[in-house]
Structures are given as C-alpha cells and as structure tokens.
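Reader: Hi, I've got a protein to look at and I'm new to this. Can we go through it together?

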Amino acid sequence: MAATYKPDLGSHCKNCKADLDDGDIYEKLKSIFYFLYDDDEIRRQARCHGWSKDNGLRFSKEQIVYSKDKKFTVCPECSCKYPLKNNL
Ligand SMILES: [Zn+2]
C-alpha cells in the first residue's frame, strides 16, 4: 500500500533526501485507470485515499508496512523506516 502526504509537508526522505513524490492522487489514478473507469469513479477512488480537490493529497513512493503492532513507512531508496504519519 502506498503512503500519502499533504503537498505542504514535503516528501523528501529525512535520511537520504530522496524525492518521494509520486504525484497527485487523482492524476495518478487517472493515468492508470482512465481506460477502465469514468471520471466520477476515479474521483471516488481518489477520495478513498483521502484526496480532495482542496487538499491535493499526493502519493508517496514510501510503502506502508504493517507489522504485529506497528505501522511504519519505508523509503524505497535507503530502506529507512519511519513511524506512520497521520496523513489523512
Ligand atoms: Zn531514504
């Protein structure tokens, strides 16, 4: 599962400084699913990720990892782990 973040919080890894921005959630879903779903359905799915036109939530390249009692995100560049931010 992909992590998300608010555009004003920035998306660089604190450890290796990699840019983890994976694009606006709606635009990203549209680029993947445009041939499967109409615009309303893509917007609905974007909202399921917490996206709205106003918050402009973006996907992060970090992956969310669920272990027994913890959730954290992992940087794909340096494998550094971070506690999961409340990103919704
Ligand atoms: Zn990193």
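Reader: Okay, is asparagine 15 buried, exposed or partly exposed?
Author: Asparagine 15 is partly exposed, because 13 other C-beta atoms lie within 10 Å. The cut-offs are: buried with 20 or more other C-beta atoms within 10 Å of a residue's own, exposed with 12 or fewer, partly exposed in between, with C-beta atoms placed from the backbone. One caution: this is a predicted model, where local features need pLDDT of at least 70 and side-chain atom pairs count only at pLDDT 80 or more, while totals for chains, interfaces and linings use all residues. Residues are numbered from 1 along each chain as its sequence is written.

Reader: Where does asparagine 15 lie?
Author: Asparagine 15 is in the loop between β1 and β2. Helices (H or I, at least four residues) and strands (E, at least two) are DSSP runs, numbered from the N terminus.

Reader: And what is asparagine 15 in contact with, leaving aside neighbours within four places in sequence?
Author: Cys75, Cys78 and Cys80. Being in contact means that the C-beta atoms of two residues, placed from the backbone, lie within 7 Å. As for threonine 73, its C-alpha is 13 Å from that of asparagine 15, and the two are 58 residues apart in sequence.

Reader: Let's zoom out. How many helices and strands are there?
Author: Two helices and five strands. Starting at the N terminus, the order is β-β-α-α-β-β-β.

Reader: Which strands does β3 pair with?
Author: β3 (residues 58-66) pairs with β4 (residues 71-74) in the antiparallel sense, over four bridges. β1 and β3 also run antiparallel, joined by three bridges, and β2 pairs with β3 in the antiparallel sense over two. Pairing here means that DSSP finds at least two bridges between two strands.

Reader: What do β3 and β4 form?
Author: A hairpin, with four residues between the strands. β4 and β5 form a hairpin too, with six residues between them, and serine 79 in that turn has a positive phi of about 60 degrees. β4 and β5 (residues 81-83) pair in the antiparallel sense over three bridges, and threonine 73 stands opposite tyrosine 82 in β5.

Reader: New topic: what's in the largest nonpolar core?
Author: Eight residues: Ile25, Tyr26, Leu29, Ile42, Ala46, Trp51, Leu57 and Phe59. A nonpolar core is a set of buried Ala, Val, Leu, Ile, Met, Phe, Trp, Tyr and Cys residues joined through C-beta atoms within 7 Å.

Reader: Which residues of α1 are buried?
Author: Ile25, Tyr26 and Leu29. They are on the same side of α1, because they cover an arc of only 95 degrees around the axis. That arc is the one spanned by the directions from the helix axis to the C-beta atoms.

Reader: Why would residues a few places apart point the same way?
Author: An α-helix has 3.6 residues a turn, so residues three or four places apart point the same way.

Reader: And what covers the buried residues of α1?
Author: The cover includes β1 (2-5), β2 (21-24), α2 and β3.
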